[in-house]
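This briefing concerns a ligand site and its surroundings. Please view the structure below before reading the points that follow.

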Amino acid sequence: MSKTIYILNGPNLNLLGQRQPEIYGRETLADVEADCRKLAEGLGFGLKLFQSNHEGVVIDTIHEARKSACGIVINPGAFTHTSVAILDALNAFDGPVIEVHISNVHKRESFRHHSYVSLRAEGVIAGLGTEGYQAAVRRIAQLVA
Ligand code: CA2
């Protein structure tokens, strides 16, 4: 079985660390990748971090993960609240899925309170800042052990 954890990020998360630090903090996605890779490797796992602004590309990467990943950490960005197609793709993945939101979506606008992805996820992390990604990697490692 693969020992690679996929971290998938949806639209606009390429801007992490460049805009709105009061909501999303100052770490970039490259910082998140470095922190999570160090953690994953210490736990005996490989890591692939991916970001796309395009729904179909996120779906294609979830399909790739069916063969190449033991678990998925996903921050679907705004697709969280809109995408049945991403939910369907995750439902075709056999391993554990942890949903991450950097901000506390429940403290924000009501349209951010509903998540299609939560219908599939083993766990949901919101409001821990970018540390949420590391918590999710730890949880995937536990679930596949
Ligand atoms: O809190 C989260 O992680 C979100 O998934 C982020 C999404 C938002 O639509 C969700 O409701 C909650 C937005 C990502 C935008 O990322 C940016 C990062 C830095 C600067 C601008 C946008």
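The lining of the largest pocket comprises eight nonpolar, eight polar and three charged residues. The model is predicted, and in this model the ligand sits in that largest pocket.

**The pocket**
- The volume of the largest pocket is about 410 Å³.
- A total of 19 residues line the largest pocket, and Pro11, Asn12, Leu13, Tyr24 and Arg112 are those nearest its centre.

**The shell around the ligand**

**Polar contacts and burial**
- Asparagine 75 places a polar side-chain atom 2.8 Å from an oxygen atom of the ligand.
- Arginine 112 has a side-chain N or O atom 2.9 Å from an oxygen atom of the ligand.
- Alanine 78 takes part through its backbone, where a polar atom is 3.4 Å from an oxygen atom of the ligand.
- The ligand taken alone exposes 510 Å², and the protein buries 94% of that area.

Notes:
Residues are numbered from 1 along each chain as its sequence is written. This is a predicted model: local features need pLDDT of at least 70, side-chain atom pairs count only at pLDDT 80 or more; totals for chains, interfaces and linings use all residues. Side-chain values use heavy atoms; hydrogens and water are left out. A polar contact is a pair of N or O atoms within 3.5 Å; within protein, one must be able to donate a hydrogen and the other to accept it, and residues adjacent in sequence count only if both atoms are side-chain atoms. Accessible areas come from the Shrake-Rupley method with a 1.4 Å probe; for residues, only the protein chains shown count as cover. On a 1 Å grid over the protein atoms alone, a cavity is a set of points where a 1.4 Å probe fits but cannot get out, and a pocket is an open set with protein on both sides within 12 Å along at least five of seven lines; lining residues have an atom within 4 Å of a point. A molecule sits in a cavity or pocket if more than half of its atoms lie within 2 Å of its grid points. Grid points are joined across faces, edges and corners, and a volume is the space filled by probe spheres set on the points. Ala, Val, Leu, Ile, Met, Phe, Trp, Tyr, Cys and Pro count as nonpolar, Asp, Glu, Lys and Arg as charged, and the others, Gly among them, as polar.
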